[in-house]
Amino acid sequence: MRDSNFLRNSNSVFASSFSSLPDPRRTTKGHFYYPLDEILFLVISAVLSGADGWVSIHTFGKLKLDWLRQYLPYENGIPSHDVLGKVFALLDPVAFNTCFTLWVNSISKLTAGEVIAIDGKTLCGSASQNKKAFHLVSAYATQNRLCLAQQCVNEKSNEITAIPLLLDMLTIENCVVTLDAMGCQSDIAQKILDKHADYILMVKDNQKSLRQQIEKVFTLEKTSDGHQQTDMGHGRVEKRTCDVINTLTFLDERSSWPGLQSIVRIKSERADKKTGKITQETRYYISSLRQDAEQFNTSIRQHWAIENNLHWSLDVIFNEDALLMKSGNSAVNFSIVSKMALAMLDKEKSTKMSKPLKRLTAALNDEYRSLVLKC
């Protein structure tokens, strides 16, 4: 018997979020053997259970058809891997991402001061002879451990044009947006302020004059506050010293940066435990926040969660870089599914298993798979 409290019930989080997704096949003639909601539910169920391609998703569907029919009819069985690939190649990635964002907003609540890290990642397996690989810019809520949305970078553009479009999708009031040097643009800073959020932007040589001025100010002004953090792990010891200056009288370009309140310097020293080699690095940031050095040190450190918790997980656990999806929009759309599955696995707290073990358990245990899908 079908579970009446899940997909086609109007109270279902999944159904309410993805019900508006246009079926790309509606412009063609003929009867659809496989409704779009059945395809979507099959794909997300299979991916969180370890499937990483259309053939393995089709195989999962055949083996778990009785379980799938608890939720949807699947009157015509499971679509072939070719059908799955064609549908995902045709799906509008903007509309799919909008539905994904609705789903994320329905299962999470951002807290004041939460760091929203924005960074880009290339889908290596999406390149072909006729086109470059897709490059996606994602927004990651570091406390909730959720990807909030993604934006595909136009082939003839870069992250600078994609980031404002991504920000338009987000509800981030009272949050702190962190960006690497590519996002250090005055228009992006203003866009973040317009969203009633604050920014911490890394400054490198793409803003050479600003960087030189910041270096100068740190030689002229006494720091407002300082803080030191030490981390040990991965065979190394890292010490990060954060210094903050709030008095910006000597910063000539301060009026060019909306809402600018602070400049920040992070000096990091890494010691390799095995070789004893020590490396040092100095990084600079500008921010609309006026807070102490400990808070800045923590927020800047949290930015790297998008690399460690999102991009690393997609590459290592979901095998994203190795996936060969070159047709249409399939790579971009499949990345959304992977991010959904990752979010579900992160939110499932009944066990302390690693995410790879959770995926294996979901593959083998129907009850656990149902539990994860409701997260």
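This is a predicted model: local features need pLDDT of at least 70, side-chain atom pairs count only at pLDDT 80 or more; totals for chains, interfaces and linings use all residues.
The hairpin comes first. Strand S2 (residues 135-141) runs antiparallel to S3, and 6 bridges hold the pairing. Between the two strands sit 4 residues, and among them Arg 145 in the turn takes a positive phi of about 55 degrees. Strand S3 itself (residues 146-152) has 6 of its 7 residues buried, so the rest of the structure largely encloses it.

Next up are two helices. H12 (residues 330-347) and H13 (residues 355-364) have axes that come within 10 Å and cross at roughly 100 degrees. That angle is why the two helices, H12 and H13, count as roughly perpendicular to each other. On the H12 side, Leu 342, Leu 345 and Asp 346 make the contact, meeting Lys 355, Lys 358 and Arg 359 of H13.

Searching the whole structure turns up 10 aromatic pairs. One of the pairs is Phe 41 with Tyr 71, an edge-to-face arrangement with 5.3 Å from centre to centre and 65 degrees between the planes. Phe 41 belongs to helix H2 (residues 36-48), while Tyr 71 sits in the loop between helix H4 (65-68) and helix H5 (81-90), so the pair ties together parts 30 residues apart in sequence. Phe 41 is buried, at 0% relative accessibility, and Tyr 71 is buried too, with a relative accessible area of 4%. Elsewhere, one aromatic cluster is formed by Phe 18, Trp 54, Phe 88, Phe 96 and Phe 334.

Terms used
Residues are numbered from 1 along each chain as its sequence is written. Side-chain values use heavy atoms; hydrogens and water are left out. Buried means under 20% relative accessible area, exposed over 50%, partly exposed in between (1.4 Å probe, protein chains only). Two strands pair if DSSP finds at least two bridges between them. Axes are lines fitted to C-alpha atoms, for helices over the stretch in contact, and angles run from 0 to 180 degrees between N-to-C directions. Angles under 35 degrees count as roughly parallel, over 145 as roughly antiparallel, 65 to 115 as roughly perpendicular and the rest as oblique. Contact means heavy atoms within 4.5 Å. Rings of Phe, Tyr and Trp (its six-membered ring) pair if their centres lie within 6.5 Å; planes under 30 degrees apart count as stacked, over 60 as edge-to-face and the rest as tilted.
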